[in-house]
Amino acid sequence: MTVIAFDLYGTLLSTESIAEELAKIVGDEHSTTLAALWRRYQLEYTWRSNSMAGDYQPFETLTRASLLHAAAELSLALTPSETDHLLEAYHALPVYPDVPAAFEAIRTFQTTTTTPTTTPTQTNSPHPHPLTTYLFTNSSRHTLTTTLRTSPSLARYTTAFHDVISVEDVRVYKPAGRAYAYLLERAGHPEGGEGEGEVWLVSSNAF
């Protein structure tokens, strides 16, 4: 059985689109640059967290810190209420234009393909279908729950996922090897085990 895991931010959800909300606060002349810097520092903060053993910080903490870092670099001052508003908006990012067609195709395949008959040794398999999809994200479970509820364009596809997998469970961020090993474990194909090659990760990131 094939497993496809989807990264969330920057792959399904458009992180660039936050520029629209930023423009309402800092103006059009700064919004695009601030959006790009925010995303850059969000990733960098997760990498720093990985490099400092035992210093795992929740994703929402790093997302707030990276926003304030990016704003300070551009000499922009955000009030606490503006910061809170932007973080709430970040939870409701829209999907990229090509996402709906992709998930409609997956949904069609899943509803028209017959699941093979299982043997007694397969009855505990985590895969209910020949093609099983997961969300695999750096996001904390709290943030993920909020995003799945408040992002209108993503919420309609939540039933397409067999499960959601957060690296918060292992307290390390991608691209640490332990994060990917956890994905394989949760998908029913432990690292080095049979079927490991049947797990695919879809991500816009290079890692």
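Visitor: Which residues does Phe-103 touch, not counting residues up to four places away in sequence?

Guide: Phe-103 touches Phe-6, Leu-12, Tyr-157, Ala-160 and Phe-161. A contact means heavy atoms within 4.5 Å.

Visitor: Before we go on, what kind of model is this?

Guide: This is a predicted model, where local features need pLDDT of at least 70, side-chain atom pairs count only at pLDDT 80 or more, and totals for chains, interfaces and linings use all residues. Residues are numbered from 1 along each chain as its sequence is written, and side-chain values use heavy atoms, with hydrogens and water left out.

Visitor: How many helices and strands are there?

Guide: The protein chain has 8 helices and 4 strands. These are DSSP runs, numbered from the N terminus: helices are H or I with at least four residues, strands are E with at least two. From the N terminus, the order is β-α-α-α-α-α-β-α-α-β-α-β.

Visitor: What share of the chain is buried?

Guide: Of the 207 residues in the protein chain, 47% are buried. Buried means under 20% relative accessible area, exposed means over 50%, and partly exposed is in between, using a 1.4 Å probe and protein chains only.

Visitor: Back to Phe-103. Which residues touch the most other members of the largest nonpolar core?

Guide: Phe-103 is one of them, along with Trp-38 and Leu-135, in a core of 59 residues. Such a core is a set of buried Ala, Val, Leu, Ile, Met, Phe, Trp, Tyr and Cys residues joined through side-chain atoms within 4.5 Å. Helix H2 (residues 28-51) gives the largest share of this core, 6 residues.

Visitor: Why does the core lie between the two domains?

Guide: Domain 1 (2-11 + 96-116 + 125-202) and domain 2 (17-92) both give residues to this core, so the core lies between them. The domain bounds come from an automatic or database domain assignment.

Visitor: And the aromatic rings, how many pairs?

Guide: The count comes to 10 aromatic pairs. Rings of Phe, Tyr and Trp (its six-membered ring) pair if their centres lie within 6.5 Å; planes under 30 degrees apart count as stacked, over 60 as edge-to-face and the rest as tilted. Phe-6 and Phe-103 form a tilted pair, 5.0 Å centre to centre with 45° between the planes. Phe-6 is in strand E1 (residues 2-6) and Phe-103 in helix H5 (residues 99-112), so the pair ties together parts that are 97 residues apart in sequence.

Visitor: Are those two buried or exposed?

Guide: Phe-6 and Phe-103 are both buried.

Visitor: What about Tyr-9 and Phe-59, how far apart are the ring centres?

Guide: The centres are 5.6 Å apart and the planes are at 25°, so the pair is stacked. Tyr-9 is in the loop between E1 and helix H1 (19-26), and Phe-59 is in helix H3, 50 residues apart. Both Tyr-9 and Phe-59 are buried.

Visitor: Where is Ser-66?

Guide: Ser-66 lies in helix H3 (residues 59-73) and is buried, at a relative accessible area of 0%. Not counting residues up to four places away in sequence, Ser-66 touches Trp-38, Tyr-41, Gln-42 and Tyr-45.

Visitor: Last one: where is His-189?

Guide: His-189 lies in the loop between helix H8 (177-186) and strand E4 (199-202). At 8% relative accessibility, His-189 counts as buried.
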